[in-house]
Amino acid sequence: MGSTHPNSSPSPSVNYPSPSSVGSSTTSPQHVASIQSTSGLQSMALASSSATPALTGTAGPMYGEVFVPMPSYGPRDRADWVERVRMGNHPVSNYLILFEPEVAAQAEHANTSCPSVFMTDCILNSGNQRTIMRDAEEPIFAAMKDKGYQEIRFILRWPGYSPLDWARNIPIYVGDRLMSRAQLAHCIASEFEQFVTACNLGQLHTTEPHWRVGRGGITFGRMKLSSLWNPQGNIWVASVRVVGSKGSY
């Protein structure tokens, strides 16, 4: 990709899965020179993070579950987001997309504390997603369509991998229809699956061993997709949770 940084986008030689099973065509991860990544996380009303495990459940194994403290997109990304939502006089759903388990699936994951969906479930066929994700078939990105956008730009971030030059252009339409929540979840989960693969292959390197991804660290099976939020323009970033057995953190 023309970058010599150890955390540049993976080389084209990696055979990554495509979100084609949901009918969405995306471009390869691209270098994003304009991202300013910083450590630390400011609190944000609807897209917050915590480094403290939440231990829940009264039966069965206990799980530690945490928000991943993602590097900031910019110095005021979350503060600006909150101000934009408060002053915009538009539904919060214009700026925030939630991924919550369907009622029937909540019992299976009752020992975790926050509404979110395992990424391994997000990459299932859409027929299975209807059983695990609330409003899986609901069309999304109507607000982006109204602003004239044909695609969003998803920025993948992870603590300890900064700067991480990983971006994906995702069309908001599948055919002539707006993509559904399940289709978007599939695309985002596929990006994180590719990220884990790149870490396993030694293409990406961390400066924070606690948040190491891949072998000897956080595996794809422990990642949960909580939400996608819009810091500016057509840029969207993910809020992710990690689940592990008690004592993992």
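Arginine 153 is buried yet forms no salt bridge; glutamate 151, the nearest side chain of opposite charge, lies 6.3 Å away. This is a predicted model. Elsewhere, a search of the whole structure finds five salt bridges.

**Arginine 153**
- Arginine 153 sits in strand E5, residues 151-155.
- Its side chain makes a polar contact of 2.6 Å with the side chain of asparagine 169.

**Salt bridges**
- Glutamate 65 pairs with lysine 224, with the closest N and O atoms 3.4 Å apart. The pair links distant parts of the chain, strand E2 (residues 63-67) and strand E9, 159 residues apart.
- Both glutamate 65 and lysine 224 are buried. A network of salt bridges links Glu65, Lys224 and Arg241.
- Arginine 168 and glutamate 191 meet in a salt bridge of 2.3 Å, N to O. Arginine 168 is in strand E6 (residues 167-171) and glutamate 191 in helix H6, 23 residues apart.
- Arginine 168 has 6% relative accessibility, so it counts as buried. Glutamate 191, at 1%, also counts as buried.
- Glutamate 100 forms a salt bridge with arginine 134, the closest N and O atoms being 3.7 Å apart.
- Glutamate 100 counts as partly exposed because its relative accessibility is 23%. Arginine 134, at 28%, is partly exposed too.

**Nonpolar cores**
- The largest nonpolar core has 49 residues; among those touching the most other members are Phe141, Trp158 and Leu228. H6 gives this core its largest share, 11 residues.
- Beyond its neighbours within four places in sequence, leucine 228 contacts residues including Tyr95, Ile152, Leu184 and Trp236.
- A second, separate core of seven residues includes Tyr73, Ile155, Trp229 and Val237.

Notes
Residues numbered from 1 in each chain as written. Predicted model: local features only at pLDDT ≥ 70, side-chain atom pairs only at ≥ 80, totals over all residues. Heavy atoms only, no water. Helix = DSSP H or I, 4+ residues; strand = E, 2+ residues; numbered from the N terminus. Buried < 20%, exposed > 50% of the residue type's maximum accessible area, 1.4 Å probe, protein only. Lys, Arg positive; Asp, Glu negative; His and termini not counted. Salt bridge = Lys/Arg side-chain N within 4 Å of Asp/Glu carboxyl O. Polar contact = N/O pair within 3.5 Å; in protein donor to acceptor, adjacent residues only side chain to side chain. Core = buried A, V, L, I, M, F, W, Y, C linked by side-chain atoms within 4.5 Å. Contact = heavy atoms within 4.5 Å.
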